[in-house]
Every structure is written in structure tokens, then in C-alpha cells.
Amino acid sequence: MTAKLWCFGESGNAYKAALTLELAGYDWEPVQVAFFSGETRGPDFIGLNEMGEVPVFREGDLTLTQSAVIQLHVAERTGKFLGRDRNEVLRWMFFDNHRLSGQAGPARFLMNFLPAEKRPAGAIDYLQGRLRASYKVLERHLEGRDWVADAEPTIADFACCGYLFYPEPFGFDRADWPRMGAWLDRIAALPGWKHPYDLMPGSPADRA
Ligand SMILES: N[C@@H](CCC(=O)N[C@@H](CS)C(=O)NCC(=O)O)C(=O)O
């Protein structure tokens, strides 16, 4: 049975789930959500996920939301990318949700997807400052290691990279973070890796 993932190309949170599904060789297909037309706020979508967010995963009568829960489900079902130390993997996934993707998503949205006259400079500065502190943590952690939570890639890597392949500016420049840059290259070299705009339907080009 083919699992479905409600997602859209611009969503780094959905990318974490989609990338895990793809690299694990899961049988899945994307269902495009019209986020920019307000679909996640509508009653049909709220019926699917009371939190009003992508990603949403459905397989038979199992529905999961929250990217980390979907990633864990896929890793546990396939036995891939779970790592040897569950606490260490979860520790970095929580770090990502709170300190990386949790800040990068809003920063990128405010800086790129809001009309220029509505972009709140104070909020953007605040988020970029928080993000710089988080990049510092990850850059330091990656000293002498190839992957975030184990000697092999795990779902913690696929969580932390959620927003970092996107081209739109949100205050992340690989040139400033060489260990993170090399780590992103290692992820992109994994067999089956795809850029978010190639893995999920929808991109800014659709609205140009
Ligand atoms: N912690 C959640 C975050 C999900 C999230 O923020 N999704 C955004 C897209 S990246 C969304 O659907 N937002 C809907 C809205 O704000 O209306 C996860 O990891 O799944």
C-alpha cells in the first residue's frame, strides 16, 4: 500500500519527512497542499490534522503528524537511519524542531514569502540572531564527525538539514559554516537524495 504525505515544496518541515521516506526506499507519494492559498487553515485540512500543518502522513488507517513522529515511524518500520543511541538521535531532533527548523521556517517565510512591505524587520533580526546561535552549536558539534548523532546518517541529520538546502535567503550561508557545508554535501551524496523542489510538488516558480 502506497503511503501518502501531504506536503508542498517550500516546506522544510515536510522535506524532513519526505527525505526520510525517499532515502529509506518507502512506498510513498506526495499530496500537494495549497499552503499559499490558505488550505492548511481550511476545515478539510483541519479535519486531517487539527494542528493545521504539513507534513501529514497516512498509511491505511494510520495518520501521523509532526515531522519527527513521521521520521521515527519510517525509521522504525524500515530499520534504516535509526542510529544506535535513541536518546542521542532524539536529542538532535528536538534541537532541530526548537532551534533550527523551528526558527528557519518562520525566518524564511517572513523574508521571502511575505510581500516586501509586510516584512517585520525586528522579528527577522531576532530570528536570524537565534539561528546564528544554533548554527554555532551544530558547527561546533560537527568538529571531527561526519554525522550528527552517530557514525552513520540518521533521521537526526534529515531533521537538521530540513531548511538548509533551500536557495531563498534566510541568513544561512554555507561559506560561513564550513563543517555544516561539508555535512550537507555528504547528505546530498547519499543514494536517492533529492533537493526539496525535486522531491515535493510546488515551488516559488509556480507563483512567479
Ligand atoms: N513542528 C512541526 C512544524 C510543522 C510546520 O510548521 N508546518 C508549516 C509548513 S513548514 C505549516 O504547515 N504551517 C501551516 C500554517 O502556518 O498555517 C513539524 O515538524 O511537523
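User: Let's start with two helices, H4 and H5. Which hand does their crossing have?

Analyst: Keep in mind that this is a predicted model. H4 covers residues 86-113 and H5 covers residues 121-141. The crossing of these two helices is left-handed.

User: By class, what residues make up the contact of H4 with H5?

Analyst: On the H4 side you'll find Arg-99, Leu-100, Gln-103 and Ala-104, among others. They meet H5 residues including Ala-123, Ile-124, Leu-127 and Leu-131. Sorted by class, the contact comes to 10 nonpolar, three polar and two charged residues.

User: Now Ala-104. Which residues does it touch, leaving out those up to four places away in sequence?

Analyst: Ala-104 sits in helix H4. It counts as buried because 26 other C-beta atoms lie within 10 Å, and the cut-off for buried is 20 or more. The C-alpha atoms of Ala-104 and Tyr-163 are 6.6 Å apart, although 59 residues separate the two along the chain. Its contacts are Gly-12, Leu-131, Tyr-163 and Phe-170.

User: Is Phe-170 buried or exposed?

Analyst: Phe-170 lies in the loop between H6 and H7, and it touches Ala-104, Ala-107, Arg-108 and Met-111. Its C-alpha atom is 9.2 Å from that of Leu-127, which is 43 residues away along the chain. With 22 C-beta neighbours inside 10 Å, Phe-170 counts as buried.

User: And Asp-173, is that buried or exposed?

Analyst: Asp-173 is also placed in the loop between H6 and H7. Its C-alpha atom is 36 Å from that of Thr-63, and the two are 110 residues apart along the chain. Asp-173 has 9 other C-beta atoms within 10 Å, so it's exposed.

User: Over to H1. What distance should its 12 residues span, and how far apart are its end C-alpha atoms?

Analyst: H1 runs over residues 12-23.

User: How many of the residues of H1 are buried?

Analyst: H1 is mostly covered. Its buried residues include Tyr-15, Lys-16 and Glu-22. Just after the helix comes Gly-25, with a positive phi of about 75°. The buried count for H1 is 12 of 12.

User: What covers the buried residues of H3?

Analyst: H3 has 12 residues and reaches 17 Å from first C-alpha to last, close to the 16 Å expected. Its buried residues include Ser-67, Ala-68, Ile-70 and Leu-72, and the helix is followed by Gly-79, whose phi is positive, near 75°. The cover over the buried residues includes H1, E3, E4, H4 and H6.

User: Gln-66 and Phe-81 both have a positive phi. Is Phe-81 buried or exposed?

Analyst: Neither residue is a glycine: phi is about 75° at Gln-66 and about 65° at Phe-81. Gln-66 sits in the loop between E4 and H3 and has 17 C-beta neighbours inside 10 Å, so it counts as partly exposed. Phe-81 is in the loop between H3 and H4. Because Phe-81 has 24 other C-beta atoms within 10 Å, it is buried.

User: Which peptide bond is cis, with omega near 5°?

Analyst: Look in the loop between H2 and E3, where you'll find Pro-55. The cis bond runs from Val-54 to Pro-55.

Technical notes:
Residues numbered from 1 in each chain as written. Predicted model: local features only at pLDDT ≥ 70, side-chain atom pairs only at ≥ 80, totals over all residues. Axes fitted to C-alpha atoms, helices over the stretch in contact; angles between N-to-C directions. Helix = DSSP H or I, 4+ residues; strand = E, 2+ residues; numbered from the N terminus. Left-handed = near helix turned anticlockwise from the far one by under 90°. Contact = placed C-beta atoms within 7 Å. Nonpolar A, V, L, I, M, F, W, Y, C, P; charged D, E, K, R; others polar. Expected span 1.5 Å × (residues − 1).
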